[in-house]
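Trainee: Could you walk me through this protein model, one feature at a time? I would like to see how each answer is reached.

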Amino acid sequence: QAYERRFPTCPLIPMFVASDTVNEYKSEDEAVHVIERRCKLDIDAPRLLKKIAGVDYVYFVQKNSLNRRERTLHIEAYNETFSNRVIINEHCSYTVHPDNEDWTCFEQSASLDIKSFFGFESTVEKIAMKQYTSNIKKGKEIIEYYLKQLEEEGITFVPRWTPPVACKSESSTSHPRRPVSPAINIPESATKEGLSNKEILNSSSSPSEPTAGTPDDKLDADYIKRYLGDLTPMQESCLIRLRQWLQETHKGKIPKDEHILRFLRARDFNIDKAREILCQSLTWRKQHQVDYILDTWNPPQVLQDYYAGGWHHHDKDGRPLYVLRLGQMDTKGLVRALGEEALLRYVLSINEEGLRRCEENTKVFGRPISSWTCLVDLEGLNMRHLWRPGVKALLRIIEVVEANYPETLGRLLILRAPRVFPVLWTLVSPFIDDNTRKKFLIYAGNDYQGPGGLLDYIDKEIIPDFLGGECMCEVPEGGLVPKSLYRTAEELENEDIKLWTETIYQSASVFKGAPHEVLIQIVDASSVITWDFDVCKGDIVFNIFHSKRAPQPPKKDSLGAHSITSPGGNNVQLIDKVWQLGRDYSMVESPLICKEGESVQGSHVTRWPGFYILQWKFHSMPACATTNLPRVDDVLASLQVSSHKCKVMYYTEVIGSEDFRGSMTSLESSHSGFSQLSAATTSSSQSHSSSMISR
């Protein structure tokens with residue numbers, strides 16, 4: 001009854017504008033009531049995006065099925081607007097708790113699949129996930145609001161449904177009540193493409209929180225104070241547990257405690273959430289060799305001359321200070337002359353330099369410094385900075401930095417914000433994390449010179465000259481990029497592809513029924529095949545086969561054909577369906593089951609010449625042995641992989657028998673590159689980690 005009060009509209013959900021009933025059904029005994037509504041939503045999206053999409057509102061179809069006999073309410077919803085581009089499915093249910101009939105169990109899950117959206121796929125995904133997360137948080141508050149409203153009207157009890165008198169003879173036989181699954185708490189990391197939430201309303205139980213570690217799980221107090229800052233026992237335990245998990249699954253490339261701590265803080269010390277984003281970031285760093293960017297990549301001269309940004313001393317808290325004169329920068333000219341990828345790579349190099357400077361300042365000031373301060377001068381900002389490809393590049397840069405450098409921005413000082421700034425802010429603010437947004441301080445005109453201004457955060461001696469200070473700032477002044485340096489769209493596209501694919505690792509997609517296979521021809525027996533791969537999504541089975549005859553030329557699966565020049569990954573199948581194991585080819589290593597997030601390195605000494613096939617195969621969860629029904633854990637695990645798709649990132653190499661020396665373990669991690677993030681930490685032996693790098 002409380003739920004039904006949300007219709008036809010709900011003032012507690014501002015985006016829910018209206019709803020119309022399109023279909024309704026009631027059974028004769030009134031036990032079943034099904035109602036279908038068309039709901040009108042005003043999505044909180046940038047006006048520019050709505051204009052591009054050509055809509056002001058989006059419509060969803062919602063079907064509510066109330067079964068009074070079973071005492072359940074099931075709610076299904078899917079999008080009607082853009083259904084050929086975006087697929088959203090949601091399912092909620094209210095049931096009676098099996099142990100206490102005064103408790104109501106609530107379950108909610110959803111999936112999101114964006115096929116295409118005018119080039120703004122990642123933008124739409126962020127908006128959808130943000131809105132869905134906020135709706136989940138508010139769901140309990142809304143239902144309790146209407147429960148209270150019912151109580152105020154004197155309705156505190158709703159009689160249980162009983163069959164009509166005419167049906168008594170038919171229903172007098174006892175009907176065993178259908179068992180209801182107990183409510184269990186599923187962490188958000190349980191679903192990759194959507195969100196899942198289970199809780200018991202009106203109960204004293206609270207969402208599970210990380211438990212404090214045992215007395216043995218302690219870091220040295222001096223080490224914490226010197227390098228990490230204040231940590232509660234629970235936070236310290238979370239750090240140790242996450243680091244131990246990384247040590248077990250990511251050999252040779254464990255980041256420093258400071259870096260792990262950034263991801264934990266970004267997810268409020270929820271281990272599952274922090275582990276998910278940290279694993280994704282480590283895979284990304286490895287694929288694009290971000291650790292080597294400062295040593296191997298030289299920015300083009302155009303960037304050095306016209307990118308109006310640079311490092312400038314430090315703030316009063318000892319944080320490195322980065323100055324960006326955005327208003328003086330020709331964003332359109334830089335994008336036209338360099339392309340989006342070169343700009344992104346330059347910003348990554350700035351962030352890598354920021355990490356390095358934080359370490360140096362930690363040593364200089366004798367206290368933990370894990371973030372930097374950014375000063376952005378907007379004098380000169382105008383409508384030319386809102387050029388669409390430039391804004392698109394900016395949004396992508398924000399997205400990559402937010403995902404891979406969390407909790408690195410200590411404070412953002414925005415100075416001399418002009419009238420056009422609110423327009424730019426409206427475009428970019430939805431993509432900035434709420435915690436990050438709290439660190440923004442915005443000053444219009446010369447307000448930064450007054451009380452609460454720049455002097456509160458930066459020493460007078462280092463305020464840049466262009467802001468009225470006495471310190472000469474070596475940051476380039478920017479200016480217009482000469483049109484003679486502009487490049488054609490084709491040149492930029494080729495350059496972007498080159499930058500994107502500059503990696504020794506390859507990506508592959510693995511589907512149910514469509515494994516990914518790599519062919520390696522061995523001429524000399526006793527050669528060594530080595531591999532290093534990360535399971536980015538889903539669970540897979542890794543196999544190695546040998547065949548005396550060559551497979552047919554690889555056929556590329558149509559599902560993965562589009563990803564030749566994108567991070568999506570290929571799908572190549574070599575083993576012909578008519579081949580039989582044991583006759584046409586043989587298995588030379590036992591199958592290895594690899595879970596999502598794991599990093600695997602290994603090697604195989606070949607016994608015979610011929611053709612070896614490395615195979616990554618979709619791993620299906622087996623049903624429980626004692627029953628034909630799948631286990632709850634199996635069902636939940638299967639939901640983690642959207643559309644039965646997995647992703648792996650791999651590197652293979654063959655070492656000749658004459659070059660191979662030593663034991664098998666000497667090959668482990670030989671190509672795992674995390675030199676900066678995995679350098680040995682100091683002071684605490686428990687926090688010591690290192691990696692063996694061979695390039």
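What follows is a set of questions and answers about this predicted model.

Trainee: Which element gives the largest share of the largest nonpolar core?
Mentor: That core has 54 residues, and those with the most contacts inside it are Leu 303, Tyr 307, Leu 334 and Leu 378. Among the elements that give two or more residues to it are α10 (331-338), α11 (340-365) and β10 (372-377). The largest share, nine residues, comes from α11.

Trainee: How many residues are in the second, separate core?
Mentor: Look towards other parts of the sequence for this one. Phe 16, Cys 39, Ile 43 and Ile 127 are included in the second core. Its size is 23 residues.

Trainee: Back to Leu 378: which Phe is it in contact with, leaving aside its neighbours within four places in sequence?
Mentor: Leu 378 is one of the residues with the most contacts inside the largest core. With those neighbours left aside, its contacts include Leu 326, Gly 327, Ile 414 and Leu 415. The list also holds Arg 416, Ala 417, Pro 418 and the residue you want, Phe 421.

Trainee: What kind of peptide bond joins Phe 7 and Pro 8?
Mentor: Pro 8 is found in the segment before β1 (16-26). The omega angle of the bond between Phe 7 and Pro 8 is about 5 degrees. That bond is cis.

Trainee: How many residues apart are Trp 297 and Tyr 346?
Mentor: These two form a tilted aromatic pair, 6.5 Å centre to centre with 55 degrees between the planes, and both are buried. Trp 297 is in the loop between α8 (293-296) and α9, while Tyr 346 is in helix α11. The pair links distant parts of the chain, 49 residues apart.

Trainee: Which residue in β23 stands opposite Ala 508?
Mentor: Start from strand β13 (residues 506-511), where five of the six residues are buried. Six bridges join β13 to strand β23 (residues 645-655), and the two run antiparallel. Opposite Ala 508 stands Val 648.

Trainee: Last one: is Asp 268 buried or exposed?
Mentor: Asp 268 is in the loop between α6 (257-266) and α7 (271-287). Its phi is near 50 degrees, a positive value in a residue other than glycine. Its relative accessible area is 63%, and the cut-off is over 50%, so Asp 268 is exposed.

Notes: Residues are numbered from 1 along each chain as its sequence is written. This is a predicted model: local features need pLDDT of at least 70, side-chain atom pairs count only at pLDDT 80 or more; totals for chains, interfaces and linings use all residues. Side-chain values use heavy atoms; hydrogens and water are left out. A nonpolar core is a set of buried Ala, Val, Leu, Ile, Met, Phe, Trp, Tyr and Cys residues joined through side-chain atoms within 4.5 Å. Buried means under 20% relative accessible area, exposed over 50%, partly exposed in between (1.4 Å probe, protein chains only). Helices (H or I, at least four residues) and strands (E, at least two) are DSSP runs, numbered from the N terminus. Contact means heavy atoms within 4.5 Å. Rings of Phe, Tyr and Trp (its six-membered ring) pair if their centres lie within 6.5 Å; planes under 30 degrees apart count as stacked, over 60 as edge-to-face and the rest as tilted. Two strands pair if DSSP finds at least two bridges between them.
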